[in-house]
Protein chains: 2
Amino acid sequence: MSLRHAVLGLLVDKPASGYDLMKLFNTSLANVWPATQSQVYGELARLAAGGLIDVAAEGPRGRKEYALTDDGLAELRRWLAEAQPGQQRSAALLRVFFLGVLTPEQAVHHLAEVAEQAASDHARLRQLQDSLDWDEEGMLTANGRLALEYGLRLHAMREEWAQWAAQQLTATTE
Amino acid sequence: MSLRHAVLGLLVDKPASGYDLMKLFNTSLANVWPATQSQVYGELARLAAGGLIDVAAEGPRGRKEYALTDDGLAELRRWLAEAQPGQQRSAALLRVFFLGVLTPEQAVHHLAEVAEQAASDHARLRQLQDSLDWDEEGMLTANGRLALEYGLRLHAMREEWAQWAAQQLTATTE
DNA sequence: TCCCGCATGTAATTCGTTACATGATTGG
DNA sequence: CCAATCATGTAACGAATTACATGCGGGA
């Protein structure tokens, strides 16, 4: 149930329409919490029904600008302080578990691909970081930088691990 | 659609019933791809209907032992070689993005909790590692060890990052 | 004999993806 | 005037969670 909180979080800064929110989901939040248009519009309707947001203004083309209500802000604060489970699925790790089904050569090749993918993800984020460093806008960007650093460390870790794992496999095989 | 492949993967080793599989999901795969009983039984029925597994034996209490078919093994191999997207949601990172909504003190406190959580996750996996090192069973455990190492590195990284992030916040505030 | 573990399933609900459908406005 | 962008929504499906429902069999 976190899409709900992503929407609330984006509305803290300023009121926005579903269309505006989609742009934010496709840029700032793309790496952290992707969402589709259907989902966003549906969630906006539900949030409005629950009184966590309301329509602050209407514009052309049926545009509805939603703003956070006091209840909405309270709910966001509550969620932010909440403990987190941490349990998550990983298709990548699932593949590793069953790597024994492939030949050792295929398995090593697969791990090399994982390393490459991690390296390219890392490069992509580094590029994003460079483009972000120039403008200095508010809190969202500041905390976005923390999230970005997490991503950088994660992908570096993934790459090193994949290389290590490939080496483990070749060592065992020999 | 990876639950399907988790089931196929577990059946490579030896035939098993839904009940058997649930035990495996709650032990070996618990950290990587948790699944519920409903899901497993449903997927077994679908896989059998699709010819990827079949009922190899029936036992007491209506027990059905499923075994991998050639088609099933082929599908598993296909999936293993497949490229991976890597895109994944992270509620933890989403929280970081909106940390500016809290007071700096609350935010730092939250990051400290994240660090603690990571440390405890790390400790749990280290314990698992110790208990696993004694028995030496087949491929599944060998590759499970690679997955375990990933988890260890991940949680170490999470802890360090959370500490770094907390420091960033206190440095900026002062 | 009685309880615990084995063993299977269904139902209801939520979340997320993909695809479809439709229309208004504005700038060139 | 016409195309790109703005803007909203519905439908169908698949994946996951939680809760419910039922019953056999074997060991103490």
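Predicted model: local features only at pLDDT ≥ 70, side-chain atom pairs only at ≥ 80, totals over all residues.
Trainee: Thanks! Where does B:Glu75 lie, and does it count as buried or exposed?

Mentor: B:Glu75 lies in helix 4 of chain B, residues 70–81. Helices (H or I, at least four residues) and strands (E, at least two) are DSSP runs, numbered from the N terminus. B:Glu75 counts as buried because its relative accessibility is 17%. The cut-offs are under 20% relative accessible area for buried, over 50% for exposed, and partly exposed in between, with a 1.4 Å probe and protein chains only.

Trainee: And A:Glu43, what is that one in contact with?

Mentor: Leaving aside neighbours within four places in sequence, A:Glu43 is in contact with A:Leu3, A:Arg4 and A:Val7. A:Glu43 belongs to helix 3 of chain A, and at 6% relative accessibility it counts as buried.

Trainee: Let's switch to B:Leu11. Which helix holds it?

Mentor: Helix 1 of chain B, residues 3–13, is the place of B:Leu11. With a relative accessibility of 2%, B:Leu11 counts as buried.

Trainee: What is it in contact with beyond its neighbours within four places in sequence?

Mentor: B:Leu11 is in contact with B:Ala16, B:Leu21, B:Ile53, B:Tyr66 and B:Leu68. B:Leu21 sits 10 residues from B:Leu11 along the chain, and their C-alpha atoms are separated by 8.5 Å.

Trainee: OK, DNA next. How many residues surround DNA strand D, and which are the closest?

Mentor: There are 19 residues around DNA strand D, and the closest are A:Tyr19, A:Gln37, A:Tyr41, B:Met1 and B:Ser38. Of the atoms of DNA strand D that come within 4 Å of the protein, 64% are sugar and phosphate. A residue is near a strand if one of its heavy atoms lies within 4 Å of it.

Trainee: Which side chains have a polar atom by a phosphate oxygen of DNA strand D?

Mentor: A:Tyr19 has a polar side-chain atom 2.4 Å from a phosphate oxygen of DNA strand D, and A:Tyr41 has one 2.4 Å from a phosphate oxygen as well. From chain B, an N or O atom in the side chain of B:Gln39 is 3.1 Å from a phosphate oxygen of DNA strand D.

Trainee: Now DNA strand C. Which residues come nearest?

Mentor: Of the 20 residues around DNA strand C, the nearest are A:Met1, B:Tyr19, B:Gln37, B:Tyr41 and B:Lys64. Sugar and phosphate make up 65% of the atoms of DNA strand C within 4 Å of the protein. By class, this surface has six nonpolar, eight polar and six charged residues.

Trainee: How far is the polar side-chain atom of B:Ser38 from a base oxygen of DNA strand C?

Mentor: That distance is 3.0 Å. On the phosphate side, B:Arg63 places a polar side-chain atom 2.7 Å from a phosphate oxygen of DNA strand C, and an N or O atom in the side chain of B:Arg89 is 2.8 Å from a phosphate oxygen.

Trainee: Last topic: what is the secondary structure of chain A?

Mentor: Chain A has seven helices and two strands, in the order α-α-α-β-β-α-α-α-α along the sequence. Chain A is more spread out than a compact globule, because its radius of gyration is 21 Å, well over the 16 Å that the globule rule gives for 174 residues. That radius is taken over C-alpha atoms, and the rule is 2.2 Å times the number of residues to the power 0.38.

Trainee: Which residues of helix 2 of chain A are buried?

Mentor: They are A:Gly18, A:Asp20, A:Leu21, A:Met22 and A:Phe25. Their cover includes helix 1 (3–13), helix 3 and strand 2 (64–68) of chain A.

Notes:
Residues numbered from 1 in each chain as written. Chains lettered and ligands numbered in written order. Heavy atoms only, no water. Polar contact = N/O pair within 3.5 Å; in protein donor to acceptor, adjacent residues only side chain to side chain. Contact = heavy atoms within 4.5 Å. Nonpolar A, V, L, I, M, F, W, Y, C, P; charged D, E, K, R; others polar.
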